[in-house]
Structures are given as C-alpha cells and as structure tokens.
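Here's a quick tour of a helical model, taken one feature at a time. Have a look at the sequence and the fold, then read on.

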Amino acid sequence: MVSPVTVVKSEGPKLVPFFKATCVYFVLWLPSSSPSWVSALIKCLPIFCLWLFLLAHGFRFLLAHPSASLIFVGLVFSAVGDAFLIWQDHGYFEYGLLMFAVTHILYASAFGMRPLALRTGLVIAVLSGLCYALLYPGLSGAFTYLVGVYVALISFMGWRAMAGLRLVGAAWRWTELAAGSGALLFIISDLTIALNKFCFAVPYSRALIMSTYYAAQMLIALSAVESREPVEDYRLSKAN
C-alpha cells in the first residue's frame, strides 16, 4: 500500500495546473446567464488539466491499465458534457445529461465488479430511489424517464466506487478512498443540479455544484494512479 504522504509528494505537483485552473474559474465567476465559448473554456479547463494529469504518467501507463484508460475517456466525455451544460437553457441540457451518463458507465467499468458488496449496493439503491421520489413531482415529459435512467447510472457508479472501500485492515488503499469520496461528491453535485432545476432554488447552488464537481473529478482521476489491475490481470479476469 502506498501511503497518502507519498501520494501527496509524488502526485501533488502534477495537480498544480488543476488547482490553478479551478481558482481561475471561481475568481472570474463568469455569469451563467451569458453563455459563450470563453465561459465554456474556463469551465472545462480544470478537466483538461486532469487529462494532462493522467497523461503525465505516460501513454504506456494508460495502455497498461484499462481502469486508468476508462477514467481518462470518462474525463473526455465530462468535458463535452460541461460544454453542453453551458448552454443548458438553450436546449442542450439533455445532451449534457447524455455525456455524463456515458461518463458514469465508464467510471463504473473502471472501478470493476469486485468485490460485489451487495449490501452497499442495496443501501445505495434505496437512497437513489428516495432521491428519485423527491425529484419525481417536478419532472415532466422526457425528463421523467431520462432523470430516472441517470439516477440509476450514477448510483451504479457510486456503488462500484464504494464497493472496494476499506478504512481499516491490511486491505486499506487510498485509491479506494479517493474513488469512493469522488463518487459521493459527484452524486452531491448532480443532486444539487437536479433539485435546483426541478424542485426548488438551492442557495449558492452554483458554488456548491462546481466545488463538489471539481473535487469529485480530481479524486476519481487520482484513484487511477495506483491502478486497480494491470493489463495482464485484466485479461485474466476477463478469461475467468
């Protein structure tokens, strides 16, 4: 197991561009009421930096570790989704929803199906059902089922991220903690979006949404560093 201190020392410098880009977004705080390609670039810039963070480990690392590659592709879809959501009031919300749905499928695939952790899955399923029930009165038309499918996908991703979480014992790894924490923050961010759009105005919603979102993406990208399975193990697991 790699210690968290070692992780901070080795990976911290590679994340400096991400932190700077995130600060630029919050300092500029461009109005969401006036979408433009500039505001889209500023919003996507921290995610671009996470691309560079993973690429800094080399193409060979990504090719040798399928889970890291899946997270990288998920970050690509996330950036496209972010761009669509800049123009969500102009009819592009559904496209952003689709991009992030694909992202969650990729992340869930990266986290894998072992261990299964059925009890964790059951708890998350119940909580996601309650969240959908809360949102349901405010949904209409296509959103009634689109949001339902999205809730199912992000909940599945959260289950797979948290399934391997071990806080004590020899099996403890900081990567599982990063993945689980990142998934939880992603769910909080998207739930805030849904509540704000379909139910009621959430105070300081944009700050809450973007701070939890950027933190979630950083933690999920960081979880790929100590990858879960090298390509040999990946092929072996597929064969079994």
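## Buried or exposed

A residue counts as buried when its relative accessible area is under 20%, as exposed when over 50%, and as partly exposed in between. Keep in mind that this is a predicted model. E11 has a relative accessible area of 7%, so E11 is buried. K14 comes out at 30%, so K14 is partly exposed.

## The salt bridge

Those two residues are partners: the side chains of E11 and K14 meet in a salt bridge, with 3.8 Å from N to O. The structure holds one salt bridge, and the cut-off for calling it is a Lys or Arg side-chain nitrogen within 4 Å of an Asp or Glu carboxyl oxygen.

## Annotated spans

The unreviewed UniProt entry puts "transmembrane region" on residues 37-56, 68-86, 92-109, 116-136, 142-162 and 174-195. How do two of these look in the model?

Residues 116-136 are 86% helix and 0% strand, and their end C-alpha atoms sit 29 Å apart. Residues 174-195 are 100% helix and 0% strand, with 31 Å between the end C-alpha atoms.

## The nonpolar core

The largest nonpolar core has 57 residues, and I71 and F186 touch the most other members. At least two residues each come from α2 (16-28), α3 (37-55), α4 (59-64), α5 (66-86), α6 (93-111), α8 (143-163), α9 (174-199) and α10 (205-223). The top contributor is α10, which gives 10 residues to this core.

Which residues does F186 touch, leaving aside those up to four places away in sequence? The list is F100, H104, Y107, I154, M157, Y213, A216, Q217 and I220.

## The largest pocket

The largest pocket has a volume of about 1,100 Å³. Its lining takes in 48 residues, and S189, D190, I193, A194 and I209 are the ones nearest its centre. Two or more lining residues come from each of α3, α5, α6, α7 (118-135), α8, α9 and α10.

Which helix gives the most to this lining? That would be α9, with 12 residues.

R173 sits in the loop between α8 and α9. Its relative accessibility is 21%, so R173 counts as partly exposed. R173 and E226 are 53 residues apart in sequence, yet their C-alpha atoms are 9.1 Å apart in space.

Key
Residues numbered from 1 in each chain as written. Predicted model: local features only at pLDDT ≥ 70, side-chain atom pairs only at ≥ 80, totals over all residues. Heavy atoms only, no water. Buried < 20%, exposed > 50% of the residue type's maximum accessible area, 1.4 Å probe, protein only. UniProt positions renumbered as here; feature names shortened; annotations may be inferred. Helix = DSSP H or I, 4+ residues; strand = E, 2+ residues; numbered from the N terminus. Core = buried A, V, L, I, M, F, W, Y, C linked by side-chain atoms within 4.5 Å. Contact = heavy atoms within 4.5 Å. 1 Å grid on protein atoms, 1.4 Å probe; cavity = no way out; pocket = protein on both sides within 12 Å on 5 of 7 lines; lining within 4 Å. Points joined across faces, edges and corners; volume = space filled by probe spheres on them.
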